[in-house]
Amino acid sequence: MTAPLHPDPVTDGIRCLVMRGGTSKGAYFLSSDLPTETAARDGLLLRIMGSPDPRQIDGIGGAHPLTSKVAVVSPSADERADVDYLFLQVAVDKAEVTDRQNCGNILAGIGPFAVERGLVAAGSETTSVRIRLVNSDSYAVATFATPGGRVRYDGGLAIDGVPGTAAPITLEFADTAGSATGALLPTGHVTDTVATAAGDIQVTCVDNGMPSVLIAASDLGVAGTEEPADLEADEALAARLAEIRLAAAGLMGMGDVSAATVPKLVLLSPPRHGGVVGTRSFLPVRCHTSIGVLGALTVAAGVRIPGSVGHDLADLPGAGEPMPIEHPTGHLDVTAEITETGGELTTASSSVLRTARKLLDGVVHPRP
């Protein structure tokens with residue numbers, strides 16, 4: 001059968017691979033399969049995912065920010081990368097698609113996707129894919145098993161927040177400091193004081209791949225060990241967090257973020273299960289059931305800085321050792337090393353071990 005000269009996305013469908021990446025799930029597309037114009041692309045993705053609708057019943061979204069994500073991948077013209085990866089967060093209950101943040105969990109599936117789509121040739125045993133994170137113009141290298149030239153998804157690595165085990169994927173990062181703000185410490189200070197109606201709060205604003213505001217949970221009258229649903233149900237806490245986020249974003253030079261998903265807010269508490277520090281991360285309203293990869297890298301970098309919010313709460317390991325960041329469903333092992341260059345703090349290296357699994361490969365038919 002001859003392919004139509006002008007494929008219609010509703011009638012003919014769009015090639016799509018649905019994959020779990022880390023503790024998130026998303027739809028992965030080749031850039032060439034989507035409209036080049038941003039508004040047309042975003043409108044199509046809203047229809048594909050089923051937004052705006054709290055159930056996303058007429059699309060493939062999972063009715064939660066962690067499962068309403070999109071990766072757009074293309075060959076890279078950058079000599080330092082094999083592929084470009086654009087992350088898009090598709091809102092669930094409103095008609096909004098944003099590229100203002102990265103996603104390190106969805107990143108875990110980019111290397112395998114690049115091999116699946118023939119953008120990168122697989123090695124006989126393992127493959128490393130150099131990835132440019134378009135959202136922040138930073139870089140990562142994903143290394144994973146490809147025995148016999150095919151991506152291996154099954155394996156023995158368990159990650160908290162995901163049932164079962166899968167094959168490990170190593171992600172090594174470069175140039176993550178200041179991903180969206182230009183500096184590891186966007187305000188130029190280790191700590192800042194933010195005024196709220198209920199009193200001043202000390203915060204550390206840090207950006208090691210994910211602009212974040214670190215807050216001691218005890219300063220907000222919570223333990224930081226509560227279940228995410230219980231924290232979400234605390235209306236007084238939500239109101240205060242919203243105040244802090246808007247004020248901190250102004251200090252970080254991010255402008256009006258009332259309609260944005262960044263910066264994230266992370267409540268910190270002493271570790272309880274042998275990790276470095278306890279976390280409750282907000283997205284920015286929903287409380288993460290675990291923690292994002294880049295969010296964990298940012299927390300790890302932040303608590304390593306003497307005098308920061310969280311430094312005295314943390315049980316820090318030696319240089320180069322894994323840093324288990326505790327979250328509601330377990331922990332996430334990362335590394336983050338801080339260095340000083342020209343009087344400015346930055347990250348020397350960051351890495352994490354993740355898994356990914358191909359769930360569905362086919363065509364998706366958006367609503368008209």
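Start by selecting Asp154: leaving out residues up to four places away in sequence, Asp154 touches Ala166 and Ala167, where a contact means heavy atoms within 4.5 Å. Before you go on, note that this is a predicted model, in which local features need pLDDT of at least 70, side-chain atom pairs count only at pLDDT 80 or more, and totals for chains, interfaces and linings use all residues. Residues are numbered from 1 along each chain as its sequence is written, and side-chain values use heavy atoms, with hydrogens and water left out.

**Stop 1: Asp154**

Stay on Asp154, in the loop between strand E7 (138-145) and strand E8 (169-174). Strands (E, at least two residues) and helices (H or I, at least four) are DSSP runs, numbered from the N terminus. Asp154 is partly exposed, with a relative accessible area of 48%. Here buried means under 20% relative accessible area, exposed over 50%, and partly exposed in between (1.4 Å probe, protein chains only).

**Stop 2: Ser76**

Next, pick Ser76 in the loop between strand E3 (69-75) and E4. Is Ser76 buried or exposed? Ser76 is buried, because its relative accessible area is 17%. Leaving out residues up to four places away in sequence, Ser76 touches Ala81, Asp82, Val83, Asp84 and Arg132.

**Stop 3: Gln89**

Move on to Gln89, in strand E4 (residues 83-90). With a relative accessible area of 8%, Gln89 is buried. Show its side chain: a polar atom there lies 3.0 Å from the backbone oxygen of Pro65, and the side chain also reaches the backbone oxygen of Ser68 at 3.2 Å.

**Stop 4: helix H7**

Now select residues 293-304, which form helix H7. At 1.5 Å a residue, its 12 residues should span 16 Å, and the end C-alpha atoms are 17 Å apart, which agrees; the expected span is 1.5 Å times one less than the number of residues. How many of the residues of H7 are buried? The count is 12 of 12, including Val293, Leu297 and Arg304.

**Stop 5: the cores**

Finally, colour Tyr85 and Ile215, the residues with the most contacts inside the largest nonpolar core, which has 80 residues. H7 gives this core its largest share, 8 residues. A nonpolar core is a set of buried Ala, Val, Leu, Ile, Met, Phe, Trp, Tyr and Cys residues joined through side-chain atoms within 4.5 Å.

Conventions:
Polar contact = N/O pair within 3.5 Å; in protein donor to acceptor, adjacent residues only side chain to side chain.
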